[in-house]
Amino acid sequence: MFETLFWTFSKIWAVLIPLFIGVAYFTYFERRVIGHMQDRRGPNRVGYKGLLQPFADALKLLFKEITVPTHANRVLFLLAPALSIGPAVAVWAVIPFADGWVVADINAGLLYILAMTSLGVYGIIVAGWASNSKYALLGTLRASAQVVSYEIAMGFALVGVLMAAGTMNLSGIVEAQAGPFWNWFWLPLLPLFLVYWISGVAETNRAPFDVAEGESEIVAGFHVEYSGMAFAVFFLAEYANMILICVIAAIMFLGGWYSPFHGLPVLGPALDWVPGIVWLLLKACFFAFCYLWFRATFPRYRYDQIMRLGWKVLIPVTVVWLVVLTVLIYAGVGPWF
Amino acid sequence: MRSLREYVRSFLLVELLQGLRVTGRHLFKRSVTLEFPEEVAPKSPRFRGLHALRRYPNGEERCIACKLCEAVCPALAITIDSHQRADGTRRTTRYEIDLFKCIYCGFCEESCPVDSIVETRIDWHLMESRDQRIIGKERLLEIGDQYEAQIAADRAADAPYR
């Protein structure tokens, strides 16, 4: 009993510590990449090429005071960051990093992910409500409406994956895509793949769907009143969620830990020595880069346009493609079904 | 028919991809930022920075207290008092510039008949208190002595265009 407990704890830390380091360097790369896209340099003073910048930032936030506004609801105000980070970290339990490298190999993994990502919005709602600030409240309203509507499109997109793979276990979904890159689900589910990615960006409230933060309109949205570590925890949760969306995209549509040449005559065995987690992380890094690329490129959507896109474009597209998918599966098309 | 084409274009994300191509190209361009304390932007010989009073090569100060600069100064930043020196020449006893009033227009330099008051390339200087905004004759001559080589070279470079 103690042995299983020990191993579970070790596995949790083996996931969490790299995750937090990943978040730290994601913020660094965000500033560098967007800087270069805007012909600037980005942070390059702290350490070699600015590589210690995230630690300097973390240290700064650690030493700052956490102020609670006078008329804020103190308990909820301090609870909100915890409500936000909890689900963001808990989802990682079911993510398979390579064949068998998973903390909890449960059968309803996909449902668990959807449930946890929905729970994350409570942190935002509570934060905005407890701050007793009009900006925070407006940001909260926008964030919750947006997350709720894009969850539907995202859920439908994942239903497509579910139909194609025939299982809700994430390792099972990856195994259903075994083979070279044209065997992966991105090809038969291309519209769903795009819908998933767009709603994933919207779900994490990132540019161009960042009206919840909207620093030019409502200052910083739900976390205006937060400072110090309380703010850092929100930040951590947001970036952990972004990395999660990237990793799930790689698992659902790009064949998870399989190499792009898996099962091919010459290239397949030649690349067998590369561990699966490397492929998964490479694919996730591509999506993470896209997050930054989008932020540097697209202007912010207007609020009603976001709602229009979610309800009147993405959801109909997914529904139509689910019907097409049903036909494809019954006809047994291609290498996929 | 046209609306149909627009519809297809928007579904194929054509314009979004065009935008992504622009930023993607800029990712690999040289960034234009200068790393300030180590790198400094090049300056024109006509740059108008902190003022200085010059001397002739024999060490005599150029200023003859004609007060043209005081008269032309649009911000009334220059104050001059003059007297007759023992050798009979007219000289300044006081030559003060209020740096808070000065708009660095360079009229004083243009009006000067003996090229005495000039504006140098010094563009960042600091004061520790507000009263240091007024710089007097000694300080101006000091700046002039320190940067004479640079000042003379700049005037020479700009001379053909004057």
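Modeller: A residue is buried if 20 or more other C-beta atoms, placed from the backbone, lie within 10 Å of its own, exposed if 12 or fewer, and partly exposed in between.

Colleague: What comes just after α1(B)?

Modeller: B:Leu13, which takes a positive phi of about 55°.

Colleague: Where do these numbers come from?

Modeller: This is a predicted model, where local features need pLDDT of at least 70, side-chain atom pairs count only at pLDDT 80 or more, and totals for chains, interfaces and linings use all residues. Residues are numbered from 1 along each chain as its sequence is written, while chains are lettered from A and ligands numbered from 1 in the order in which they are written.

Colleague: What is the mean pLDDT of chain B?

Modeller: It's 89, and 100% of the residues in chain B reach 70 or more. That score is the predictor's confidence in each residue, from 0 to 100. For the complex, the predictor gives an ipTM of 0.70 and a pTM of 0.80.

Colleague: Let's do the sheet. What is the order of the strands in chain B?

Modeller: β2-β3-β5, in an open sheet of three strands with antiparallel pairing. In chain B, β2 and β5 (134-135) stand at the edges with a single partner strand each, so one side of each has no neighbour in the sheet.

Colleague: How many bridges are there between β2 and β3 of chain B?

Modeller: Seven, between β2 (residues 78-84) and β3 (residues 90-98) of chain B, which pair in the antiparallel sense. Two strands pair if DSSP finds at least two bridges between them. To find your way in the model, look for B:Asp81, which stands opposite B:Arg94 in β3(B).

Colleague: And which residue in that hairpin takes a positive phi?

Modeller: B:Gly88, with a phi near 90°; there are five residues between β2(B) and β3(B).

Colleague: How many bridges join β3(B) to β5(B)?

Modeller: Two, and those strands run antiparallel. B:Ile97 has B:Ile135 in β5(B) as its bridge partner.

Colleague: New topic: B:Tyr161. Buried or exposed?

Modeller: Exposed, because B:Tyr161 has 7 other C-beta atoms within 10 Å. You'll find B:Tyr161 in the segment after α6 (148-158) of chain B. From B:Lys67, B:Tyr161 is 94 residues away in sequence and 26 Å away in space, C-alpha to C-alpha.

Colleague: Now the other chain. How many helices and strands are there in chain A?

Modeller: Eleven helices and zero strands. The C-alpha trace of chain A spans about 65 × 55 × 45 Å along its principal axes.

Colleague: How many of the 337 residues of chain A count as buried?

Modeller: 43% of them. As for contacts in chain A with a separation of 6 or more, 79% are between residues 24 or more positions apart. Two residues are in contact if their C-beta atoms, placed from the backbone, lie within 7 Å.

Colleague: And how many residues of chain A are in contact with chain B?

Modeller: Ten, in contact with ten residues of chain B. On the side of chain A that touches chain B, α1 (2-37) and α10 (276-297) of chain A each supply at least two residues.

Note on methods:
Helices (H or I, at least four residues) and strands (E, at least two) are DSSP runs, numbered from the N terminus.
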